[in-house]
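Please walk through this protein with the sequence and the coordinates side by side.

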Amino acid sequence: FFHAMASHTDPLRALLHPTTRHETAQAVFAANCTALAYTSVDVVGELPHDSQPPPLTPPGCAFLFLGEETTRPAHKAAAGAGWTYLVHRRTASSASLSRRAFSRIPKLLPHLLFPRLASGRHPTTVFIDSKLRPTAPLHALERFLAGGANFAAFRHPKLCEGRRSPPPPCGCDADTSALSLGVLSALLL
């Protein structure tokens with residue numbers, strides 16, 4: 001499945017506006033990011049919540065993709081939260097997508113959105129749900145992924161409602177592993 005997707009990138013590449021790809025490449029190269037965090041939001045008006053990149057993210061290596069009608073937060077606490085704002089523009093291929101589906105394009109296509117480094121490899125990318133506040137530093141997430149993991153997921157807080165105690169913020173228990181594998185299996189089928 002992934003091999004087929006990788007060898008036929010033209011339809012997928014058409015979902016990403018050339019200007020968005022160019023501005024993203026410039027920002028990644030300017031900050032010399034070997035690892036980066038990113039998220040994407042497409043709403044009309046101001047962002048509905050304060051989003052924050054993982055702690056200790058190198059300057060310039062956290063990207064927030066905003067839809068063309070989404071405005072940056074006006075209050076200083078969110079405006080200085082460490083994100084590099086980039087406009088996620090629509091193309092003819094993405095024009096009919098809902099805002100929710102459109103905002104998922106960066107999440108699903110980091111290999112096309114973020115350029116290869118001088119070493120020839122892609123940077124380590126960590127997608128952060130914009131409604132969540134990550135507690136693990138980016139370098140810890142990068143180390144985890146460098147250990148051979150190609151994919152990592154967490155139990156979404158909404159799935160934990162009604163539990164007596166929340167799951168640990170880091171690490172993986174059997175329930176989380178099974179849930180992650182179930183979600184991944186569902187995506188591949």
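Which residue does a disulfide join to C33? In this predicted model, the partner is C61, with a sulfur-to-sulfur distance of 2.1 Å, and a search of the whole structure finds 1 disulfide. A disulfide is a covalent bond between the sulfur atoms of two cysteines. C33 sits in the loop between α3 and β1, while C61 sits in the loop between β2 (45–46) and β3, so the pair ties together parts that are 28 residues apart in sequence. The torsion about the S-S bond is about -100 degrees, so this disulfide is left-handed. Both C33 and C61 are buried.

The protein as a whole contains 9 helices and 6 strands, and 4 strands form an open sheet in which the order is β5-β3-β1-β6 and the pairing is parallel. Because β5 (84–88) and β6 (124–127) stand at the edges with a single partner strand each, one side of each is left without a neighbour in the sheet. From one strand to the next, the twist averages 30 degrees. Within the sheet, β1 and β3 pair in the parallel sense over 5 bridges, and V41 stands opposite L66 in β3. On the other hand, β1 and β6 pair in the parallel sense over 4 bridges, and T124 in β6 is the bridge partner of A35.

Helix α8 (residues 138–146) lies across β1 and β6 and runs at about 115 degrees to β6.

What surrounds F65? Leaving aside neighbours within four places in sequence, F65 is in contact with T20, T24, Y38, T39, S40, V41, L86, H88, P106, L113 and F114. One of these residues, P106, has its place in helix α6 (residues 105–108) and is buried, with a relative accessible area of 1%. Not counting residues up to four places away in sequence, P106 touches Y38, S40, F65, H88 and L113. Although P106 and Y38 are 68 residues apart in sequence, they are 8.5 Å apart in space, C-alpha to C-alpha.

Some totals complete the picture. Of the 189 residues of the protein, 34% count as buried, and among contacts between residues at least 6 apart in sequence, 69% join residues at least 24 apart. The accessible surface comes to about 11200 Å², of which 60% belongs to carbon and sulfur atoms.

Notes. Residues are numbered from 1 along each chain as its sequence is written. This is a predicted model: local features need pLDDT of at least 70, side-chain atom pairs count only at pLDDT 80 or more; totals for chains, interfaces and linings use all residues. Side-chain values use heavy atoms; hydrogens and water are left out. Contact means heavy atoms within 4.5 Å. A disulfide is a pair of cysteine sulfur atoms within 2.5 Å. Helices (H or I, at least four residues) and strands (E, at least two) are DSSP runs, numbered from the N terminus. Buried means under 20% relative accessible area, exposed over 50%, partly exposed in between (1.4 Å probe, protein chains only). Two strands pair if DSSP finds at least two bridges between them. Axes are lines fitted to C-alpha atoms, for helices over the stretch in contact, and angles run from 0 to 180 degrees between N-to-C directions. Accessible areas come from the Shrake-Rupley method with a 1.4 Å probe; for residues, only the protein chains shown count as cover.
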